[in-house]
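Good morning. I will talk through a few places in one structure, so please have the sequence and the model open.

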Amino acid sequence: MSDILIVDDERDIRELISDILKDEGFATRLAGNSDDAMSAINTEAPALMILDIWLKDSRMDGIDILKTVKRDNPDVPVVIISGHGNIEIAVAAIKQGAYDFIEKPFNIDQLLVVIRRAMETSRLRRENQSLRRQDNGTTQMIGSSASFKGLISQLDKVTKSNGRVMLTGPAGAGKELAARYIHAHSSRASAPFITVNCAGVAPDRMEEVLFGREGSDRGVEPGLLEQAHGGVIYFDEVADMPLGTQSKILRVLVDQQFTRVGGNDKVRVDLRVISSTNRNLEQAIAAETFRQELFHRLNVVPIAVPSLEDRREDIPVLADHFIAEFNATQGLPKREISDEAQALLQTMVWPGNVRQLKNLVERVLILGDGTGPIDARELPGTEEAAGGEEGRVVLAGSLATLPLREAREAFEREYLLTQINRFGGNISRTANFVGMERSALHRKLKSLGVVTSSKAGARVAHMDEDDED
């Protein structure tokens, strides 16, 4: 969308206009009939059209072309020119969406003024529409753990291309945030970011939602694909897309065009596609619920988004970030987190990942008393663990059934596994926290069958498989 398309059946006229515009720094394309004009538009929409009303030896006249252009490319301004101009033609053209009407022979200065105004008006309209339809979600990613840094490194690499990206990871880990990060740091950052909630749209409405509709009382209704033109379309939980729709999306990826529901004309789109899933798509392919061809088209660059369990080091800074966010957006108190509360947050189980942590922080801020530091006792689940008498710890049922030596080993094993993972596999930091010499901790881990290995770019502790056998 960077040049001006000049459509006139008189070669001398279109070449004259082209020369004038080139002298002013504009790029141009030329068409002498309706077929050439529509072919040029379908190849790439121009920034502006200069269109003659009367076209000899053409299937469509200027008004027909104008109607089609304003239907399929409403952002393209059209300036009508004609040597047979009268007030009726001018009114008809303006009613059909023309920006302005100029009679032949035209004044060059007048033509240039109209063109500049039309292009500026079109630019402002596109910017306003883009701002209205973009979901201004945050793109700030928070963390410093090894697995987080590995994720950012991968995301930064894919921002420099238009390659399709498949984000995998558990629910709540931040896959949509990663998609927004790619969009915000790419050359398409000023264009739309449109989310398709594949699990939230009824299967019988999916095609209408994606492709839009023609022929209804409301005229043309653009779908999400059309709204994302020039930007990014994000298929959230793509495994939930209906099987019938998958084959049509596959065709869009190949041809970069589609037909609206109820329509016949092809709609051209320029899209970057990012998808996400928390399911195993290869198993879905084997179960014949996901098309293998679509998987290969979408999975050009696979990126795994780590769970919160794989980045426990980031929990305190994430919690602080959410506290500041809730303070700014809801006026909730801006509280610090005590060391004990931080330690407990880092050792909790997070099946809902970052989303669950954010919800927990909001709950604590709403229900908490005062503005002092958040204490461990304010965190959900600690009421039961505290027991009925201060200083007592309630044993888990499994420990209570074991002899003292076995219970002690089981506790030590679980405690050290939790602490090592809390500190991202860093043995020195773990030893400092638990109050042991590093060499003594290594001996203790060996005796308990605990080892560390790399996962998602970070060191994690787990039981030695050979020892378990």
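F433 is partly exposed, because its relative accessible area is 39%. By the definition used here, buried means under 20% relative accessible area, exposed means over 50%, and partly exposed is in between, with a 1.4 Å probe and protein chains only. This is a predicted model, in which local features need pLDDT of at least 70 and side-chain atom pairs count only at pLDDT 80 or more, while totals for chains, interfaces and linings use all residues. Residues are numbered from 1 along each chain as its sequence is written, and side-chain values use heavy atoms, with hydrogens and water left out.

What sits over the ring of F433? The charged end of R422 does, 4.4 Å from the ring centre. To count as sitting over a ring, NZ of Lys or CZ of Arg must be within 6 Å of the ring centre and within 35 degrees of the ring normal.

Now the aromatic pairs. A pair of aromatic rings is described by the distance of the centres and the angle of the planes. Rings of Phe, Tyr and Trp (its six-membered ring) pair if their centres lie within 6.5 Å; planes under 30 degrees apart are stacked, over 60 edge-to-face, and the rest tilted. The structure holds 4 such pairs. One of them is F211 with F258, a tilted pair at 5.5 Å centre to centre and 45° between the planes. F211 belongs to helix α8 (residues 206-211) and F258 to strand β11 (residues 257-259), so this pair links distant parts of the chain, 47 residues apart. Helices (H or I, at least four residues) and strands (E, at least two) are DSSP runs, numbered from the N terminus. F211 is buried at 4% relative accessible area, and F258 is buried with 4% as well.

F433 has a ring partner too: F423, with centres 5.7 Å apart and planes at 55°, so that pair is tilted. F423 lies in the loop between α18 (404-422) and α19 (427-434), and F433 lies in helix α19, so the pair ties together parts 10 residues apart in sequence. F423 is buried, at 8% relative accessible area.

G424 is in that loop between α18 and α19, and is buried at 18%. Which residues does G424 contact, leaving aside neighbours within four places in sequence? They are E313 and R459, where contact means heavy atoms within 4.5 Å.

Next, helix α13, residues 315-330. Its 16 residues should span 22 Å at 1.5 Å a residue, and the end C-alpha atoms are 21 Å apart, which agrees. The expected span is 1.5 Å times one less than the number of residues. I315, P316, L318, A319, F322, I323 and F326 are buried in α13. Seen down the axis, these buried residues fall within an arc of 160°, so they line one face of the helix. The arc is that of the directions from the helix axis to the C-beta atoms. The buried residues of α13 pack against α14 (339-347) and α15 (353-367). After α13 comes G331, with a positive phi near 75°.

Last, D52, in strand β3 (residues 48-52). UniProt, in an unreviewed entry, places the feature "modified residue: 4-aspartylphosphate" at D52. UniProt positions are given in the numbering used here, feature names are shortened, and annotations may be inferred rather than shown by experiment. Is D52 buried or exposed? D52 is buried, at 2% relative accessibility. Not counting residues up to four places away in sequence, D52 touches V7, D8, D9, G62, I81, S82 and K104.
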